[in-house]
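Visitor: I have a model open and would like to learn how to read it. Can we go feature by feature?

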Amino acid sequence: MNELKKIFHPWKYIKEKIESKWRSQTEFAKLIWLPISEVNDLLNWRRNLTPKTAIRIAVALQVSPEKLLKLQNLRDLHLLSINEKHKTIIQEIKNRILSFVRH
């Protein structure tokens, strides 16, 4: 879990923006028509950003949804890059490609 805390999460950026503009997560959740539990899960890394949610948040924060989704994608790619099982699968794919090219 400590490793995850070191990774930049899109919600860190979003949380800072929310805290600078609104008094509470509840107020923000009502503004963008999401349940407070969903906003809380998002801000505490228990849920990933979806395009639908990115659009709502982007409008409220006056940023592009693409920027928010890019942050989410970068985090997801980073998590995969440090995942040992995924590294093994990628290496196996590379080996299969080399074998295929040789034949």
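Visitor: Let me start with one residue. Which helix holds Lys70?

Guide: This is a predicted model. Lys70 sits in helix α6, residues 65-81.

Visitor: Is Lys70 buried or exposed?

Guide: The cut-off for exposed is over 50% relative accessible area. Lys70 has 54% relative accessibility, so it counts as exposed.

Visitor: How far apart are the C-alpha atoms of Lys70 and His86?

Guide: They are separated by 21 Å, and the two residues are 16 apart along the chain.

Visitor: Now a whole helix. Which residues of α5 are buried?

Guide: Start with the general idea. An α-helix has 3.6 residues a turn, so residues three or four places apart point the same way. Now the case here. Helix α5 spans residues 51-61, and its buried residues are Thr53, Ala54, Ile57, Ala58, Ala60 and Leu61. They lie on the same side of α5, because they cover an arc of only 160° around the axis.

Visitor: What is exposed on the other side of α5?

Guide: Pro51, Lys52 and Val59 are exposed there. After α5 comes Gln62, with a positive phi near 60°.

Visitor: On to charges. How many salt bridges are there?

Guide: Side chains of opposite charge can pair when their charged atoms come close. The count here is 5 salt bridges. One of them joins Glu84 and Lys87, at 3.3 Å from N to O. These two are 3 residues apart in helix α7, so about one helical turn separates them. Glu84 is exposed at 54% relative accessible area, while Lys87 is partly exposed at 40%.

Visitor: Which residues do shared partners join into one network?

Guide: Asp41, Arg46 and Arg47. Asp41 bridges to Arg46 at 3.0 Å and to Arg47 at 3.4 Å. Arg46 is exposed, at 52%. Arg47 is partly exposed, at 33%.

Visitor: What about Glu38: is it buried or exposed?

Guide: Glu38, in helix α4, is buried yet has no salt bridge. The nearest side chain of opposite charge is Arg47, 4.1 Å away. Glu38 does touch Arg47 and Thr53, leaving aside residues up to four places away in sequence.

Visitor: Last one. Which residues make the nonpolar surface patch?

Guide: Ile89, Ile90, Ile93, Ile97, Phe100 and Val101 make it, over about 600 Å². Take Ile90, in helix α7, residues 84-102. At 33% relative accessibility, Ile90 is partly exposed.

Conventions
Residues numbered from 1 in each chain as written. Predicted model: local features only at pLDDT ≥ 70, side-chain atom pairs only at ≥ 80, totals over all residues. Heavy atoms only, no water. Buried < 20%, exposed > 50% of the residue type's maximum accessible area, 1.4 Å probe, protein only. Helix = DSSP H or I, 4+ residues; strand = E, 2+ residues; numbered from the N terminus. Arc of directions from axis to C-beta. Patch = residues over 30% accessible without salt bridge, like charges linked within 9 Å, V, L, I, M, F, W, Y side chains within 5 Å. Areas by Shrake-Rupley, 256 points an atom, 1.4 Å probe, with all protein chains shown as cover. Salt bridge = Lys/Arg side-chain N within 4 Å of Asp/Glu carboxyl O. Lys, Arg positive; Asp, Glu negative; His and termini not counted. Contact = heavy atoms within 4.5 Å.
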